Amino acid sequence: MKSIKTCFVLVILMALAAISLSAIPSQDELSLEEDNETTYNDETSDDLSPAETGQEPTSLRGSIRFLSQIKPRVPMTCDKYPRVCHAKGSTGPDCCKKKCVNVMTDRLNCGKCGKKCKYTELCCKGQCVNPRSNIKHCGSCGNKCKKGSLCVYGMCSYA
């Protein structure tokens with residue numbers, strides 16, 4: 001019962017805060033009202049503007065305007081900013097489909113953008129290779145078997 005009362009009080013306080021925030025005009029509304037008042041006052045010089053009378057304009061439009069004033073952070077993609085791929089901590093120096101990649105090691109962009117390696121293959125120096133049978137890349141990229149040996153199931157062995 002006590003927790004229900006606490007929740008009810010919290011809801012009322014939040015509603016009061018929202019109402020008080022909605023009564024405060026935003027900077028855009030103030031500038032629009034000033035523009036309208038100056039054009040109206042130019043036409044009729046008898047009336048005084050609210051600024052001259054000391055009255056503050058109030059508006060109930062846009063109850064939570066401060067959230068709309070925060071500009072969303074635009075991600076820096078390499079199609080618009082190619083230098084972002086050369087920055088420290090980047091995943092690679094090349095740009096493929098708005099993502100920084102290394103075409104020498106990326107299985108989805110091996111050698112060039114969009115060239116995919118098969119499931120059992122790795123991308124080594126921009127070429128799709130099978131590490132289970134390739135003598136130059138036995139088990140992993142750059143693991144070269146000695147002369148006279150074979151690559152069987154990713155391990156160098158002598159025949």
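Reader: Hi! What should I know about the model before I start?
Author: The model is predicted, so local features need pLDDT of at least 70 and side-chain atom pairs count only at pLDDT 80 or more, while totals for chains, interfaces and linings use all residues. Residues are numbered from 1 along each chain as its sequence is written, and side-chain values use heavy atoms, with hydrogens and water left out.

Reader: Is that link of cysteine 78 and cysteine 95 right-handed or left-handed?
Author: Right-handed, with 70° about the S-S bond. Cysteine 78 lies in the loop between helix 4 (65–69) and strand 1 (94–96), and cysteine 95 in strand 1, so the pair ties together parts 17 residues apart in sequence. Helices (H or I, at least four residues) and strands (E, at least two) are DSSP runs, numbered from the N terminus.

Reader: And cysteine 124 with cysteine 141, which hand is that disulfide?
Author: Left-handed, because the torsion about its S-S bond is about -80°.

Reader: New topic: how do strand 5 and strand 6 run?
Author: Antiparallel, with 4 bridges joining strand 5 (residues 149–152) to strand 6 (residues 155–158); two strands pair if DSSP finds at least two bridges between them. Cysteine 151 has cysteine 156 in strand 6 as its bridge partner.

Reader: What's in the turn?
Author: The hairpin has 2 residues between its strands, and tyrosine 153 in the turn has a positive phi of about 55°.

Technical notes:
A disulfide is a pair of cysteine sulfur atoms within 2.5 Å.
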